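Subject: Structure for your review

Dear colleague,

Please find below the structure that I would like to hand over to you.

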Amino acid sequence: MKKGKPNPSANRSIRGFAAGIGVLFLGIVLYLAYFLTAESETVINNSYNSRISAMEERMIRGSILADDGTVLARTVVATDSNGTEMETREYPYGELFAHAVGYSSAGKTGVEALANFQLLRAHGNFLENGLKELAGEKKTGDSVVTTFNLRLQQIAYEALGDRRGAVAAMDPSTGKILCMVSKPAFDPNTVAENWESLIHGDTAEARLLNRVTQGLYPPGSTFKILTALQYMREHPGAYKEYRFDCSGIFAYESYQIRCYHQNAHGEQDFTQAFANSCNGAFANLGLSLDLAGLKGLAEQLLFNRELPLSLPYSKSSYQMDSGAGDWEILQTSIGQGQTLISPMHNLLIMSAIANDGVLMRPYLIDRVENASGELVKEFRPSEAAELMVPNEAAALQELLIQVVNEGTGSALKRDTYQAAGKTGSAEFETGKETHAWFVGYAPAEDPKIAVCVIVEEGGSGGGTAAPIAAELMDAWLLGE
């Protein structure tokens, strides 16, 4: 029988087919590796994942701890009169960490949701876990150590008192969230029993809403940071030459912009106008700005964009376009109009300024430990974005220091350390008192803590919000 001649075309097809199979196989391997290292936690944390309930049946949910090891959430196992083991999720500090730690009934929120993957895994003694598995006993899940500082959380909670609002603090050099308080709060121990009243109660209270990340407010004079930066960008060598004579009311065409309580600041240069939070001066500045540039700056500073945050949040919004009318320009330039921001977003902007323009990725979990306290995983600081160049951050730092030393932030003036920050009083509804803002950091020369405070209908930012921030800074820097 005569042998056939080799078919080069067929050989090429076979080689091509084999290569294609190899590429597909490699792609599957790479995807599985990526899934196991990067996406598996997201899938397990997904509330629609039916495997979660199966995992919970085999595990005793791990504990959530403060930065010093204080227990913030734990599972208590007790035996009832019939000999049946009952598990209860317990929150020793009740309302204090309600939004930060969250709850694990009627769904999951806060760290309970964020760390669901870690809390349902056990990295304890292999032999011990194996024996429990064979005996049908539940294993104890890993514990999560958060970045929350118990003392700061208590100070923030008590300082807010019975008022609605939010307080948050972070280390601007690392991104660690040091405290997170939202009021009114709720008792996470009784969420299931009180669910109906929590979701159908007084809408003004909105107890389940984490105001730190999900509350949206007019930024008020804290937005003057952006107005000032845009003006500095447009007048890099001459912005300090700006002058404005404030009579308490700035009239333009048929419009009027009033300073807080119609306070007349008199002759103001650029730094003084910022320090004294002069509405007239900044409304006047706004009329001269490149509106497309201002919107671009707002979006560079994360308005209308996603935040590098792992908790649920509301996106801040900036609406003014280049074709805006005079009234919208006047209002937007002083942080009114349609602009809205969350306290967390305001904190991130201030943290980036404190950190020479670089925003560190905010995080709430420091490390994971097994039931014996041995380290399983540690989370490291990482950069999220450069929001501005260093010389811009330095110029803003100078302005923010003068707010404390010579202006509306005098509640933070100390001999022991130099603070920097910006106050704000945001109008939101005619006939109601303004929301009180403060956002700042300290020490100015080597920032260790950045703080954002908003007190709903609190009036003056300098009189109401700044003293709360001062308590936190004193505690963190002076141990008071």
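Two strands are said to pair if DSSP finds at least two bridges between them. Please bear in mind as you read that this is a predicted model.

**Strand 18 and its partners**

With that term in place, strand 17 (residues 420-426) and strand 18 pair in the antiparallel sense, and seven bridges link them. Strand 18 also runs antiparallel to strand 19 (residues 449-455), to which seven bridges join it.

How many of the residues of strand 18 are buried? Strand 18 covers residues 435-442, and eight of the eight are buried, so the strand is largely enclosed by the rest of the structure. Here, buried means under 20% relative accessible area. His435, Trp437, Val439 and Tyr441 point one way from strand 18, while Ala436, Phe438, Gly440 and Ala442 point the other way; residues of both sets are buried.

**Helix 10 and helix 12**

The axes of helix 10 (residues 224-234) and helix 12 (residues 279-288) come within 10 Å of each other and cross at roughly 45 degrees. The two helices are therefore oblique to each other. Their crossing is left-handed.

Which residues make the contact between helix 10 and helix 12? Helix 10 contributes Lys224, Thr227, Ala228, Tyr231 and Glu234, and helix 12 contributes Asn279, Phe282, Leu285 and Ser288. Sorted by class, this contact holds four nonpolar, three polar and two charged residues.

**Ala156**

Finally, I would draw your attention to Ala156, which is placed in helix 7 (residues 150-160). Is Ala156 buried or exposed? Its relative accessible area is 0%, so Ala156 is buried.

Setting aside neighbours within four places in sequence, Ala156 is in contact with Val167, Cys179, Val181 and Leu472. Of these contacts, Val181 illustrates how sequence and space may be read side by side: Ala156 and Val181 are 25 residues apart in sequence, and their C-alpha atoms are 6.6 Å apart in space.

With kind regards

Notes:
Residues numbered from 1 in each chain as written. Predicted model: local features only at pLDDT ≥ 70, side-chain atom pairs only at ≥ 80, totals over all residues. Heavy atoms only, no water. Axes fitted to C-alpha atoms, helices over the stretch in contact; angles between N-to-C directions. Helix = DSSP H or I, 4+ residues; strand = E, 2+ residues; numbered from the N terminus. Parallel < 35°, antiparallel > 145°, perpendicular 65-115°, else oblique. Left-handed = near helix turned anticlockwise from the far one by under 90°. Contact = heavy atoms within 4.5 Å. Nonpolar A, V, L, I, M, F, W, Y, C, P; charged D, E, K, R; others polar. Buried < 20%, exposed > 50% of the residue type's maximum accessible area, 1.4 Å probe, protein only.
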